[in-house]
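Student: Hey, I've never looked at this one before. Could you walk me through it?

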Amino acid sequence: RDRLEEQQRLSYEKTEHREGRNSHEIYGDLWEYAEAINDEHFSIERDVLFQIMRELAPWLHGREQAEKQEGAAANKANLPNLVFFGEPGTGKSELAKRIAKKILKAKFSKVTGGALKAPYEGQTSGEIIKRFYTLQKEAGSENVPVVLFIDEAYDLFNNRTDSADFNGEIITMLLTAMEPGKRTLSATTVAGNSSGLVSVTLNENAAVWMAGYEKDMRKALSSNSGMYRRVESITLPTPAQSSLWNTFLQTLKSGLSDEAIQEGNRKLCEECEGMINEYFHWGRSKTYTEFFANYAGAIKLAQEMEKSSLLNRRPLTAGELTVLIEQQKKEIRAQYKQVVEENFGRLPFMVYTDVSETIDKDYIGAEGATEKLKQVKIFPSSRMSIIRGRICAALRRQWASAGNSYGSSGRSAGTFSSTAP
């Protein structure tokens, strides 16, 4: 934290020198933005806010200068395109919406990548045009920024059955939408687009924001180097367990109108804090984090407590809370098991270093787990290339001992390569 504050201080000094502003003004802006975004239901860490404000600073400064001029001059600074990386339930969508609406005062439209992706070529570009047209019409002025937010944006690119033309259409449209200055989006066809729009002109205050899991988003952005260059990345850290606990308490506090039940549940949670935090720790493990979903999992537990309390018309008991937590675990395990069964046939054979995190004993079965693990030798990934080389060398010797010879190129059609699986 101290190192971060020192980095921020140095960055502010550079900004101060460049813009002629003093540190008090810049720090004041940062705290003002934090107050605008945070409330009892949502909180953003200061280092994440600093990342975002650093990217938005040129545009905000341009707006400030434009407002000082007579006649409400247009902001000529380009609104940056952002991509939010983060694990499930880290608040990517909520953060993007609050930044857009509370700081930028923008018109904001959220859509998932799967919903935006139409079944036929030409329809997706028509849908993007239609959404930007609607946003700019609602804005009513070029000075009002507009943000098209695509959640789970990797779903636009990850269908293996799509043709190169189909993916090319999506990439071309997004690249054009992310260009600086004024630009025109045009569709080759508007099939399925009820507005009948074939083009829309965007100004400097229009931007595309995206969000998703970091690994999947980076893979999607790598489909075109131009797309990666046009976005600025914001990484949301996985929330600490204490943050989940605070979110859980805040949700519990703001949910019920019956103060007696609310107070009873609060006292119960204080008594059972260890059990609840143990559940959060279990949910944040690599195996289950996608289904527990961090903040979403903490909020859901509080909401389930509220439902049960309203049904019984009294606070929960410790036993009832235990049963409730076990039910949540059972549901998460069932979802995990379903995903494993669906993907098992397509998963490559892999050797993991950490058995406890990659093999779920609950799924295998407590009795069968020990026997299955005895049959597996675990090697660190650094040794795998050595092991593979030894296996290939042995196979080559066996091939040669059987009377086979290598061709002039040094290998025959049957030769085992050191890079072969």
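This is a predicted model: local features need pLDDT of at least 70, side-chain atom pairs count only at pLDDT 80 or more; totals for chains, interfaces and linings use all residues.

Student: Okay, how many helices and strands does the chain have?

Tutor: There are 19 helices and seven strands in the chain.

Student: And what share of the residues counts as buried?

Tutor: The chain has 421 residues, and 38% of them count as buried.

Student: What about contacts, how many join residues at least 24 apart?

Tutor: If you take contacts between residues at least 6 apart in sequence, 71% join residues at least 24 apart.

Student: Let's zoom in. Where does Leu104 lie?

Tutor: Look at the loop between helix 4 (92-103) and strand 2 (107-112), and you'll find Leu104 there.

Student: Is Leu104 buried or exposed?

Tutor: Leu104 counts as buried because its relative accessibility is 0%.

Student: What is Leu104 in contact with, leaving aside neighbours within four places in sequence?

Tutor: With those set aside, Leu104 is in contact with Leu56, Trp59, Leu60, Arg63, Leu79, Ile99, Pro145 and Trp209. Take Arg63 from that list: Leu104 and Arg63 are 41 residues apart along the chain, and their C-alpha atoms are separated by 9.6 Å.

Student: Is Lys105 buried or exposed?

Tutor: Lys105 has 54% relative accessibility, so Lys105 counts as exposed.

Student: Switching to rings. How many aromatic pairs are there?

Tutor: The count comes to 13 aromatic pairs. One of them is Phe84 with Phe149, and this pair is edge-to-face because the ring planes are at 70 degrees, with the centres 6.5 Å apart.

Student: Which parts of the chain does that pair link?

Tutor: Distant ones: Phe84 is in strand 1 (residues 81-85) and Phe149 is in strand 3 (residues 146-151), 65 residues apart. Both Phe84 and Phe149 are buried.

Student: And what about the rings of Phe291 and Tyr336?

Tutor: Their centres are 6.4 Å apart and their planes are at 70 degrees, so Phe291 and Tyr336 are also an edge-to-face pair. This pair links distant parts of the chain too, with Phe291 in helix 13 (residues 289-292) and Tyr336 in helix 15 (residues 318-343), 45 residues apart.

Student: How do the accessibility values for Phe291 and Tyr336 come out?

Tutor: Phe291 is partly exposed, with a relative accessible area of 22%. Tyr336 is at 14% relative accessibility, so Tyr336 counts as buried. The cut-off for buried is under 20%.

Student: Which residues do ring pairs link into a cluster?

Tutor: The cluster is made up of Trp245, Phe248, Tyr279, Phe280, Trp282, Tyr288, Phe291, Phe292 and Tyr336.

Student: What sits over the ring of Trp282?

Tutor: That's the charged end of Lys329, 5.3 Å from the centre of the Trp282 ring.

Student: Now helices. How do the axes of helix 10 and helix 12 cross?

Tutor: The axes of helix 10 (residues 241-255) and helix 12 (residues 273-283) come within 10 Å of each other and cross at roughly 120 degrees. That angle makes helix 10 oblique to helix 12. The crossing of the two is right-handed.

Student: Which residues make the contact?

Tutor: Helix 10 brings Gln241, Leu244, Trp245 and Phe248, while helix 12 brings Glu273, Ile276, Asn277, Phe280 and His281.

Student: Last one, where is Glu55 found?

Tutor: Glu55 is found in helix 3 (residues 46-68). Glu55 is buried, as its relative accessible area is 17%. Leaving aside neighbours within four places in sequence, Glu55 is in contact with Pro80, Leu82, Glu232 and Ile234.

Methods: Residues are numbered from 1 along each chain as its sequence is written. Side-chain values use heavy atoms; hydrogens and water are left out. Helices (H or I, at least four residues) and strands (E, at least two) are DSSP runs, numbered from the N terminus. Buried means under 20% relative accessible area, exposed over 50%, partly exposed in between (1.4 Å probe, protein chains only). Contact means heavy atoms within 4.5 Å. Rings of Phe, Tyr and Trp (its six-membered ring) pair if their centres lie within 6.5 Å; planes under 30 degrees apart count as stacked, over 60 as edge-to-face and the rest as tilted. A charge sits over a ring if NZ of Lys or CZ of Arg is within 6 Å of the ring centre and within 35 degrees of the ring normal. Axes are lines fitted to C-alpha atoms, for helices over the stretch in contact, and angles run from 0 to 180 degrees between N-to-C directions. Angles under 35 degrees count as roughly parallel, over 145 as roughly antiparallel, 65 to 115 as roughly perpendicular and the rest as oblique. A crossing is left-handed if the near helix is turned anticlockwise from the far one by less than a right angle, and right-handed if clockwise.
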